[in-house]
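I opened this one to look at the overall fold and then follow a single side chain. My notes are below the picture.

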Amino acid sequence: MLMFLFLVVALAVVVAAVTLAVVGGGESTPLPEAAPERFDDPLPPDRPVGRDDVEALRFPLAVRGYRMADVDDALGRLGAEIAERDARIADLEAALAGARAAGPAGDERAEGDPQ
């Protein structure tokens with residue numbers, strides 16, 4: 001019986017110590033709020049993203065892999081920049097095709113015109 005009483009008292013002391021450690025000894029909040037681990041976007045905001053930037057891109061690990069919002073944001077940015085580059089390439093190719101189409105006619109007129 002004495003051993004049982006000693007175990008109950010020891011258990012009460014352990015529970016009180018754990019409770020005091022969690023609560024923090026009378027602070028207004030039980031535990032301070034932990035800052036959420038967010039993705040610090042290493043992609044350059046002041047210039048287009050390059051191959052080295054994409055190769056250096058690393059996402060913080062979450063409980064089940066990566067945070068979907070972080071990956072979605074990075075992929076959205078990369079997709080937008082690729083779309084801009086595709087549009088720029090299409091504009092340049094159209095301008096080049098227009099210059100090639102206008103080029104031979106302008107050369108013939110310049111050769112036939114003595115001025």
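**Whole chain.** I'm working with a predicted model, so what I note here is computed from that. I went through the secondary structure and found three helices and two strands. Reading along the sequence, I get α-α-β-β-α.

**Surface and burial.** I looked up the accessible surface, which comes to about 9,800 Å². Carbon and sulfur atoms account for 64% of that surface. Buried residues make up 10% of the 115 residues.

**Contact range.** I took the contacts between residues at least 6 apart in sequence and asked how many join residues at least 24 apart. The share is 43%.

**E81.** I found E81 in helix 3, which covers residues 68-112. Is E81 buried or exposed? Its relative accessibility is 14%, so I count E81 as buried, the cut-off being under 20%. Setting aside neighbours within four places in sequence, I list R47, P48 and V49 as the contacts of E81. I then checked which atoms meet at V49: a polar atom of the E81 side chain lies 2.7 Å from the backbone nitrogen of V49.

**V49.** I turned to V49 next. Beyond its neighbours within four places in sequence, V49 touches L43, P44, V54, R77, L78, E81 and R85. V49 also belongs to the largest nonpolar core, which has five residues.

Terms used: Residues numbered from 1 in each chain as written. Predicted model: local features only at pLDDT ≥ 70, side-chain atom pairs only at ≥ 80, totals over all residues. Heavy atoms only, no water. Helix = DSSP H or I, 4+ residues; strand = E, 2+ residues; numbered from the N terminus. Buried < 20%, exposed > 50% of the residue type's maximum accessible area, 1.4 Å probe, protein only. Polar contact = N/O pair within 3.5 Å; in protein donor to acceptor, adjacent residues only side chain to side chain. Contact = heavy atoms within 4.5 Å. Core = buried A, V, L, I, M, F, W, Y, C linked by side-chain atoms within 4.5 Å. Areas by Shrake-Rupley, 256 points an atom, 1.4 Å probe, with all protein chains shown as cover.
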